[in-house]
Amino acid sequence: MPQEGLGRELAKPAVLRGTTQMRTLAKTIFSEFAARDFGRAHVLRGLSAVLLGLVARALSDENAPVSRNPGAELIKRFERLLDAHFLEHWPVSRYASRLGMSVSRLNRLARSATGGTAIAVIHERLTREATRRLLFIEAPVASLAAELGFDDPAYFNRFFKRRTGLTPGAYRLRHRPDSQPATAG
């Protein structure tokens with residue numbers, strides 16, 4: 001029986017297309033988070049544990065859909081390159097060039113792995129980093145925008161709102177644990 005520790009599987013760099021079950025569970029987590037009902041923290045921990053288990057299962061050697069994809073190594077290389085350079089706001093053509101392929105091939109690989117284009121993957125990575133910094137770094141939004149490679153804080157606000165539905169300031173207020181009203185649970 002394989003070891004049930006999830007850390008090894010979750011530590012693997014991968015691009016994974018979420019299953020319907022994962023997306024439904026993520027929506028349930030968002031809904032539960034917004035509801036602020038009694039026992040919320042316990043329910044959120046349980047739902048998050050289930051989601052992590054499903055992701056780890058999908059990433060495991062037996063079940064990883066990416067591992068059966070002939071372009072999986074190229075996607076992994078793209079992901080590593082993206083992690084190293086996303087703050088520099090490289091265009092898709094530069095990533096494609098560094099990977100030794102055309103933009104259209106990189107887009108096809110990204111679509112097959114994630115369901116989105118290469119620019120969507122780049123924007124998702126930048127958005128993920130922006131949300132992390134907004135929640136965990138005490139700094140003005142304009143300062144964080146500059147750290148994220150945005151010369152214009154207003155453009156960062158528009159980019160972020162397009163991606164999340166909220167301005168950076170509103171996102172920070174809504175999602176920071178210290179800005180939440182005290183609730184039991």
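# Notebook: rings, cores and helices

I began with the rings, and the structure holds seven aromatic pairs. For my count, rings of Phe, Tyr and Trp (its six-membered ring) pair if their centres lie within 6.5 Å; planes under 30 degrees apart are stacked, over 60 edge-to-face, and the rest tilted. I note here that this is a predicted model, in which local features need pLDDT of at least 70 and side-chain atom pairs count only at pLDDT 80 or more, while totals for chains, interfaces and linings use all residues. Residues are numbered from 1 along each chain as its sequence is written, and side-chain values use heavy atoms, with hydrogens and water left out.

**Entry: the W90 and Y95 pair**

I looked up W90 and Y95 and found a tilted aromatic pair, with 5.1 Å centre to centre and 50° between the planes. By my cut-offs, buried means under 20% relative accessible area, exposed over 50%, and partly exposed in between (1.4 Å probe, protein chains only).

I then listed what Y95 touches, leaving aside neighbours within four places in sequence. Y95 is in contact with F78, L81, L82, H85, F86, W90, L106 and I122. Contact here means heavy atoms within 4.5 Å.

**Entry: the F160 and Y171 pair**

Next I turned to F160 and Y171, and this aromatic pair is edge-to-face: 5.3 Å centre to centre, with 85° between the planes. F160 lies in helix α9 and Y171 in helix α10 (residues 168–175), so the pair ties together parts that are eleven residues apart in sequence. Both residues are on my buried list: F160 has a relative accessible area of 0%, and Y171 has 14%.

**Entry: the cores**

What does the largest nonpolar core hold? I found 34 residues in it, and those with the most contacts inside it are F78, Y95, M101, L106, F150 and F156. At least two residues of this core come from each of α4 (72–85), α5 (92–99), α6 (103–114), α7, α8 (141–147) and α9 (153–164). Helix α7 gives the most, with seven residues. Apart from this core lies another, of seven residues, among them M22, L25, L44 and L47. I took a nonpolar core as a set of buried Ala, Val, Leu, Ile, Met, Phe, Trp, Tyr and Cys residues joined through side-chain atoms within 4.5 Å.

For background, I jotted down that nonpolar side chains tend to be buried together in soluble globular proteins.

I picked E129 in helix α7 (residues 118–136). E129 is buried, with a relative accessible area of 7%. Not counting residues up to four places away in sequence, E129 touches F86 and L148.

L135 lies in helix α7, and L135 is buried too, at 17% relative accessible area. With residues up to four places away in sequence not counted, L135 touches Y171, H175 and R176. I also checked L135 against P168: they are 33 residues apart along the chain, and their C-alpha atoms are separated by 9.8 Å.

**Entry: loops and a charge over a ring**

Where does R36 lie? I found R36 in the loop between α2 (20–35) and α3 (40–59). Phi of R36 is near 60°, a positive value in a residue other than glycine. R36 is partly exposed, with a relative accessible area of 29%.

H89 is found in the loop between α4 and α5. Its phi is near 55°, and H89 is a residue other than glycine with a positive value. H89 is partly exposed at 32% relative accessible area.

I also found R40 over the face of F33, at 4.4 Å from the ring centre. My rule for a charge over a ring asks for NZ of Lys or CZ of Arg within 6 Å of the ring centre and within 35 degrees of the ring normal.

**Entry: the whole protein**

I ended with the totals. The protein has ten helices and zero strands; helices (H or I, at least four residues) and strands (E, at least two) are DSSP runs, numbered from the N terminus. Of the 185 residues, 36% count as buried. Among contacts with a separation of 6 or more, 59% join residues 24 or more positions apart. The accessible surface comes to about 11,000 Å², and 57% of it belongs to carbon and sulfur atoms. These areas come from the Shrake-Rupley method with a 1.4 Å probe; for residues, only the protein chains shown count as cover.
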